[in-house]
Protein chains: 2
Amino acid sequence: MSIVDDRLPRYQRLRDLIAADIAAQRWAPGQTIPSEAELASIHGVAVGTVRHAIDVLVGEGLVTRVHGRGTFVRRPAFDQSLLRCLRIPELEPGAKPVLISRILERASLKASPEVAERLELPVGTDCIRLVRQKLVERRVLRGEEIWLPKARFAPLLTVELASIGHDLYPAFERLCGQLVATAEESLTAEAIGAEHATLAGVATGQPVVVIDRLTRGYDRQPLEWRRVRAPASAFHFRREIR
Amino acid sequence: MSIVDDRLPRYQRLRDLIAADIAAQRWAPGQTIPSEAELASIHGVAVGTVRHAIDVLVGEGLVTRVHGRGTFVRRPAFDQSLLRCLRIPELEPGAKPVLISRILERASLKASPEVAERLELPVGTDCIRLVRQKLVERRVLRGEEIWLPKARFAPLLTVELASIGHDLYPAFERLCGQLVATAEESLTAEAIGAEHATLAGVATGQPVVVIDRLTRGYDRQPLEWRRVRAPASAFHFRREIR
DNA sequence: CTCCATCAATCATCTAGAGGAGTGAATGGA
DNA sequence: TCCATTCACTCCTCTAGATGATTGATGGAG
């Protein structure tokens with residue numbers, strides 16, 4: 001797949017080798033990779049060079065170091081998702097709100113040109129479409145339309161809806177063996193059309209934020225395309241510029 | 001101001017020292033700091049430790065390294081601003097659109113509770129309020145309301161409006177000697193009220209994005225609080241999650 | 001059983017170098 | 001004048017260690 005370029009510095013080549021091993025799931029997410037001393041002796045370089053390579057991987061978010069324990073393959077940080085910028089209404093002070101999800105539709109469909117482009121598939125490829133709401137205490141937090149390539153996610157069509165659960169990514173892993181590695185998100189806002197208003201839980205014409213998410217596996221292929229609509233009033237995003 | 005903590009590792013202390021010198025404008029933005037070898041001999045540490053300290057500063061965006069030339073004090077990257085996510089309508093293909101700004105109001109006012117909180121000033125402190133539009137070929141791109149502490153920005157009240165120019169931050173520097181170091185931005189969306197619709201160039205009730213920006217100087221004090229409204233249809237933001 | 005000291009494994013910090021590679025200015029010949 | 005070479009300066013890569021800090025497991029004392 002990815003050939004290591006001899007002209008690169010050693011720490012870069014080492015980074016590529018380790019990254020390839022992670023991609024090949026040689027070490028599962030949450031588990032440690034070999035210790036720095038081990039990697040140094042395996043690859044015949046100094047520990048400093050191994051540290052440099054791992055520094056790069058840490059910067060890229062592929063691994064995390066824990067002092068005294070080891071270096072761990074990291075799961076992607078979905079707590080940084082734009083979806084986390086949707087304020088959850090606090091019903092009772094102190095009570096932890098419970099997020100429920102309700103799947104309203106599940107169907108096998110052919111990829112439209114738009115879906116095909118997003119999922120990087122030929123038009124007409126078999127796909128799965130899920131329509132889902134996220135709820136907090138019976139109130140709609142957001143509405144979601146999800147597209148998945150059927151080839152990878154066929155089990156989702158046949159299992160009981162209840163067994164999918166409220167979080168999709170664990171289900172991807174449990175039922176279909178698909179691990180999420182990265183995601184790209186984009187954000188726009190619009191006045192919601194009648195066709196989406198009910199799903200998002202707002203009145204037609206109200207302002208909503210539209211969050212698109214494309215998740216990719218460790219092989220960099222698209223796994224899921226999702227379009228989310230939520231009331232604009234609930235959305236608040238912050239960032240720092242330096 | 002900031003006391004260097006002896007318990008911290010050397011590279012961290014060194015980072016703090018260098019950062020303090022940058023904050024004190026000992027080296028101007030765009031200029032080099034002393035070479036790694038020099039810093040090592042000045043502070044009596046190994047070059048590796050200096051490199052580590054500078055690695056941290058690079059990660060924080062305070063400096064940039066250029067191979068063979070030196071390490072430079074960096075200006076903040078405002079090309080990452082959310083304001084850059086506003087699509088500029090392309091009127092003629094190939095033609096580079098010209099951004100014009102028009103100051104509609106300029107006044108000296110007392111800080112309201114909200115303004116005071118944002119600028120971290122006592123309520124009632126003298127401030128300057130600017131109301132401004134950004135235009136592309138006579139079309140409104142966004143509307144802005146800007147608050148500045150009068151103590152730092154008094155010259156802006158008396159100069160000719162034309163001499164402020166289209167970009168605010170160069171004017172801050174040129175006319176008031178104020179350098180922008182960092183900014184915090186936040187984003188929400190709403191249906192625009194009648195009081196802001198004209199400024200933002202949209203009809204009342206249309207969806208707009210609201211971008212708040214607080215800029216700070218190298219002394220970490222707030223310099224400017226700005227609230228921007230722009231048509232939601234023009235806004236598009238992307239990010240990657242790893 | 002609980003608490004605490006010990007210990008091995010692991011990452012973190014730091015040193016002191018050698019040699020490589022990119023940059024820009026000075027130099028000198030065509 | 002123009003261009004290639006040289007050279008000093010800078011950051012970059014890499015080595016081979018020593019020592020410190022953190023963690024989790026183990027085993028003994030109370």
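View 1. Among the atoms of DNA strand C within 4 Å of the protein, 82% belong to sugar and phosphate. This is a predicted model, in which local features need pLDDT of at least 70 and side-chain atom pairs count only at pLDDT 80 or more, while totals for chains, interfaces and linings use all residues. Residues are numbered from 1 along each chain as its sequence is written, chains are lettered from A and ligands numbered from 1 in the order in which they are written, and side-chain values use heavy atoms, leaving out hydrogens and water.

**View 2. Elements and polar approaches at DNA strand C.** At least two residues each of the surface near DNA strand C come from strand 1 (63-66) and strand 2 (70-73) of chain A and from helix 1 and helix 3 (47-59) of chain B. Helices (H or I, at least four residues) and strands (E, at least two) are DSSP runs numbered from the N terminus. The residues of this surface comprise five nonpolar, nine polar and six charged; Ala, Val, Leu, Ile, Met, Phe, Trp, Tyr, Cys and Pro count as nonpolar, Asp, Glu, Lys and Arg as charged, and the others, Gly among them, as polar. A polar backbone atom of Thr71(A) is 3.4 Å from a phosphate oxygen of DNA strand C, and a polar backbone atom of Gly68(A) is 3.5 Å from a sugar or linking oxygen. From chain B, a polar side-chain atom of His67(B) lies 3.3 Å from a base nitrogen of DNA strand C.

**View 3. Surroundings of DNA strand D.** DNA strand D is surrounded by 20 residues, the closest being Arg10(A), Thr49(A), Glu36(B), Arg51(B) and Arg65(B). Sugar or phosphate accounts for 87% of the atoms of DNA strand D within 4 Å of the protein, and bases for the rest. Helix 1 (10-23) and helix 3 (47-60) of chain A, with strand 1 (63-66) and strand 2 (70-73) of chain B, each supply at least two residues of the surface near this strand. Phosphate oxygens of DNA strand D lie 2.9 Å from a polar side-chain atom of Tyr11(A), 3.0 Å from a polar backbone atom of Ala46(A) and 3.2 Å from a polar side-chain atom of Arg69(A).

**View 4. Setting of Ile22(B).** Ile22(B) lies in helix 1 (residues 10-23) of chain B. Its relative accessible area is 2%, so Ile22(B) is buried (under 20%, with a 1.4 Å probe and protein chains only). Residues up to four places away in sequence aside, Ile22(B) touches Trp27(B), Val63(B), Val73(B) and Tyr218(B) (contact: heavy atoms within 4.5 Å).

**View 5. Interface of chain B and chain A.** In this interface, 32 residues of chain B are in contact with 32 residues of chain A. The two chains bury about 2,800 Å² between them, 56% of it on carbon and sulfur atoms; buried area is the accessible area (1.4 Å probe) lost on being put together, summed over both parts. In chain B, Arg239(B), Ile241(B) and Arg242(B) lose the most area to chain A, together 28% of what that side buries. Two salt bridges are found across the interface (a side-chain nitrogen of Lys or Arg within 4 Å of a carboxyl oxygen of Asp or Glu). Arg238(A) and Glu184(B) meet through their side chains in a salt bridge (3.7 Å, N to O). Strand 6 of chain B gives the most to the side of chain B that touches chain A, with 10 residues.

Note on methods
A residue is near a molecule or strand if one of its heavy atoms lies within 4 Å of it. A polar contact is a pair of N or O atoms within 3.5 Å; within protein, one must be able to donate a hydrogen and the other to accept it, and residues adjacent in sequence count only if both atoms are side-chain atoms. Buried means under 20% relative accessible area, exposed over 50%, partly exposed in between (1.4 Å probe, protein chains only).
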